[in-house]
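Here is a guided walk through one model. Keep the sequence and the 3D view open side by side as you read.

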Amino acid sequence: MDEAQALLRLQEIDLETIRITNDAKKLPQHAKIAAAQAALKKVQGELVKIVGQRKDLQMDIEGFDRLRGDAERLEQQASQDFQTSADARAVADLESRLNAVTKRIEKIDYQQNQALEQLITVERAEKNANALQARLQNELAQLLGSLKQELLDSQNRLTALKREREEVAALVSPEMQARYNRANERFKGRAVETLTGNKPSSCRVALQPAQYADLKRRKLPVDECPYCHRILITDWH
Ligand SMILES: [Zn+2]
């Protein structure tokens with residue numbers, strides 16, 4: 001590989017390096033991971049609310065159990081008193097107490113049933129949210145694994161290119177490297193062009209016959225484009 005070929009390869013390596021670096025930033029996993037993380041955060045927020053509702057309902061249901069126990073004891077007591085009581089007024093009073101406590105038990109049962117129905121709904125929602133959370137966590141783990149693999153692949157290719165660049169750069173004189181670096185900056189990674197017929201490959205402006213004749217007379221393998229001033233690789237053989 002001569003210096004002219006080395007300059008062309010240097011440009012290819014630099015362009016490939018930029019392409020790989022940009023592709024790594026634009027990998028579809030980045031957006032998918034962000035979406036999965038947002039969805040996971042949302043479902044976790046919902047789960048906190050659902051679990052809170054479920055615990056409240058469970059406490060309510062236990063509370064109704066206690067209230068029912070209290071009411072049942074009152075009912076038993078009133079029922080016993082009713083059997084042993086002989087006084088007509090006391091009997092009437094006990095009857096109304098029994099009615100009241102029976103109504104109270106009915107009301108407790110009704111409220112407890114409502115709470116139980118709500119609990120079934122909330123438990124179903126909790127189960128669904130847990131399943132969604134598990135699915136998202138799994139999806140996220142897979143995406144992170146695949147992103148890591150792709151980034152590792154990119155890293156390996158970049159390392160190989162870096163190694164090759166060192167070898168290729170060693171074939172280019174320090175002065176030419178400095179010229180390449182300046183042109184590279186000016187022409188955004190397209191410092192070098194080749195000449196095919198009378199057309200340079202990057203600026204693609206057909207050279208005037210006099211310009212072409214000058215290049216041909218000099219026969220420099222590494223020249224400069226008279227139009228855009230890129231490094232111009234020529235091949236007069
Ligand atoms: Zn040019």
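The paragraphs below go from the helices to the sheet, and then to one residue in it.

This is a predicted model, in which local features need pLDDT of at least 70, side-chain atom pairs count only at pLDDT 80 or more, and totals for chains, interfaces and linings use all residues. Residues are numbered from 1 along each chain as its sequence is written, and side-chain values use heavy atoms, with hydrogens and water left out.

Start with helix H1, residues 3-25, which holds Asp23. Helices here are DSSP runs of H or I with at least four residues, strands are runs of E with at least two, and both are numbered from the N terminus. Asp23 is partly exposed, at a relative accessible area of 35%. That term covers the range between buried (under 20%) and exposed (over 50%), using a 1.4 Å probe and protein chains only.

Four strands form it, in the order S2-S1-S4-S3; it is open and its pairing is mixed. S2 and S3 (222-224) stand at the edges with a single partner strand each, so one side of each has no neighbour in the sheet. Two strands pair if DSSP finds at least two bridges between them.

S1 (residues 192-196) and S4 (residues 231-233) run parallel, joined by three bridges. S1 and S2 (residues 199-200) run antiparallel, with two bridges. Thr196 has Lys199 in S2 as its bridge partner. Two residues lie between the strands of this hairpin, where Gly197 takes a positive phi near 65°. S3 and S4 are antiparallel too, over three bridges. Here Asp223 stands opposite Leu232 in S4.

Which residue of S4 stands opposite Glu193? It is Leu232. Glu193 belongs to strand S1. Glu193 is buried yet has no salt bridge; Arg230, the nearest side chain of opposite charge, is 4.6 Å away. A salt bridge needs a side-chain nitrogen of Lys or Arg within 4 Å of a carboxyl oxygen of Asp or Glu. Lys and Arg count as positive, Asp and Glu as negative; His and the chain ends are not counted. A polar atom of the Glu193 side chain does lie 2.8 Å from the backbone nitrogen of Ser202.

Methods. A polar contact is a pair of N or O atoms within 3.5 Å; within protein, one must be able to donate a hydrogen and the other to accept it, and residues adjacent in sequence count only if both atoms are side-chain atoms.
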